[in-house]
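This report works through one protein model, taking a pocket, the nonpolar cores and a few individual residues in turn. Please keep the sequence and the coordinates in view while reading.

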Amino acid sequence: MSTPPEPFDSDRDQRDAPRIGGRQTPKDAATLILTRRHRGVAQVLMGRRAPGHVFMASKWVFPGGRIDRADFTAASATEPSPAVMGRLTMEVPARRARALTLTAVRETFEETGLLLASPAPAASVAGPWREFRASGALPDLAALSYIARAITPPGRTRRFDARFFMVPAEALLHPEPTAGSGELDEIAWLDLDEARGQDLPAITRFVLGEVNERLTTPDRPLPFVRMVHGKHVVERLD
């Protein structure tokens, strides 16, 4: 029997990143949650943020980061599924929706060395996709499922409008992470119970519960976590 997902912990969220005041517009960002079964046990890939980070230092997180201009024009081997694009385009224009899926793939490669991709001739391109394309691969966007959205509350040092995508490890070109960019000082496949025992941001803990549920119920309504009138709200979107 699976463990019921935990409700979003507002108090923990405040401790993760206390308010410092000021106004910031949330930046679009994307996160990729890789899953696999190892000896019959469900695992997720997570990394620990280096201690020197201003935002969420030393916390265990999923790979991800903010959208880059290059993500709007990057080539791919496949396009996002109609289900993913249908949900994303309720929030943003189609071009930005596709770019968000590419952000998740690129950031995961930069932070872990893992390629959610199909083999392709090596190509020389400028910008943040240079190493990815030089490795002889093109992003496989069709493998992604869109499972959660969260906006960082006002007054934080960083604010993101983050979309969380999920994909099975079988879609990777190779199964084990490398050192990546160094933004994560440790990278590991963790059993779900082991992952829950790490020092996690509140939103990561909440999404981890969503991952656990989706392994058996993939068509669950997507949760959207944000702050409204000073209180956290979790809305389920069909």
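Sorted by class, the residues that line the second largest pocket comprise 16 nonpolar, 4 polar and 8 charged ones. The model is a predicted one, and the pocket described here has a volume of about 460 Å³. Its lining is made up of 28 residues, and those that lie nearest the centre of the pocket are Ser-145, Tyr-146, Ile-147, Arg-214 and Pro-218. Strand 1, helix 2, strand 7 and strand 8 are the elements that each give two or more residues to this lining, and helix 2 supplies the largest share, with 4 residues.

**Overall features**

The secondary structure of the protein consists of 6 helices and 11 strands. The chain has 238 residues, of which 53% count as buried. Among the contacts in the protein with a separation of 6 or more, 68% are accounted for by residues 24 or more positions apart. The protein exposes about 11200 Å², and 52% of this area is supplied by carbon and sulfur atoms.

In soluble globular proteins, nonpolar side chains tend to be buried together. In this model the largest nonpolar core holds 42 residues, and those with the most contacts inside it are Leu-32, Leu-34, Leu-116, Phe-132 and Phe-165. The elements that give two or more residues to this core are strand 1 (27–38), helix 2 (82–88), helix 3 (94–112), strand 7 (145–151), strand 8 (160–168), strand 9 (184–191) and strand 10 (222–228). Helix 3 gives the most to the core, namely 7 residues.

What does Leu-32 touch, when residues up to four places away in sequence are not counted? Its partners are Phe-62, Pro-63, Ala-104, Thr-108, Leu-116, Leu-144, Phe-165, Met-166 and Val-167.

With residues up to four places away in sequence set aside, Thr-31 touches Phe-62, Pro-63, Gly-64, Ala-104, Arg-163, Phe-164 and Phe-165.

Thr-35 also counts as buried, because its relative accessibility is 8%. Leaving aside neighbours within four places in sequence, Thr-35 is in contact with Gln-43, Val-44, Met-166, Val-167, Pro-168, Ala-169, Trp-189, Val-211 and Leu-215. Thr-35 and Leu-45, which are 10 residues apart in sequence, have a C-alpha to C-alpha distance of 6.6 Å.

**Loop residues**

Most residues other than glycine have a negative phi. Arg-39, placed in the loop between strand 1 and strand 2 (41–49), has a positive phi near 55°. His-229, found in the loop between strand 10 and strand 11 (231–237), likewise has a positive phi, near 50°. Are these two residues buried or exposed? Arg-39 counts as exposed because its relative accessibility is 79%, and His-229 is exposed because its relative accessible area is 82%; the cut-off for exposed is over 50%.

Two alanines in loops belong to the buried class. Ala-50 is in the loop between strand 2 and strand 3 (60–61) and is buried, with a relative accessible area of 17%. Ala-120 is in the loop between strand 5 (117–119) and helix 4 (130–134) and is buried, with a relative accessible area of 18%. Apart from residues up to four places away in sequence, Ala-120 touches Gly-136, Ala-137 and Leu-138.

| Residue pair | Separation along the chain | C-alpha distance |
|---|---|---|
| Thr-35 and Leu-45 | 10 residues | 6.6 Å |
| Ala-50 and Glu-186 | 136 residues | 8.3 Å |
| Ala-120 and Arg-133 | 13 residues | 8.3 Å |

Conventions. Residues numbered from 1 in each chain as written. Predicted model: local features only at pLDDT ≥ 70, side-chain atom pairs only at ≥ 80, totals over all residues. Heavy atoms only, no water. Core = buried A, V, L, I, M, F, W, Y, C linked by side-chain atoms within 4.5 Å. Buried < 20%, exposed > 50% of the residue type's maximum accessible area, 1.4 Å probe, protein only. Contact = heavy atoms within 4.5 Å. Areas by Shrake-Rupley, 256 points an atom, 1.4 Å probe, with all protein chains shown as cover. 1 Å grid on protein atoms, 1.4 Å probe; cavity = no way out; pocket = protein on both sides within 12 Å on 5 of 7 lines; lining within 4 Å. Points joined across faces, edges and corners; volume = space filled by probe spheres on them. Nonpolar A, V, L, I, M, F, W, Y, C, P; charged D, E, K, R; others polar.
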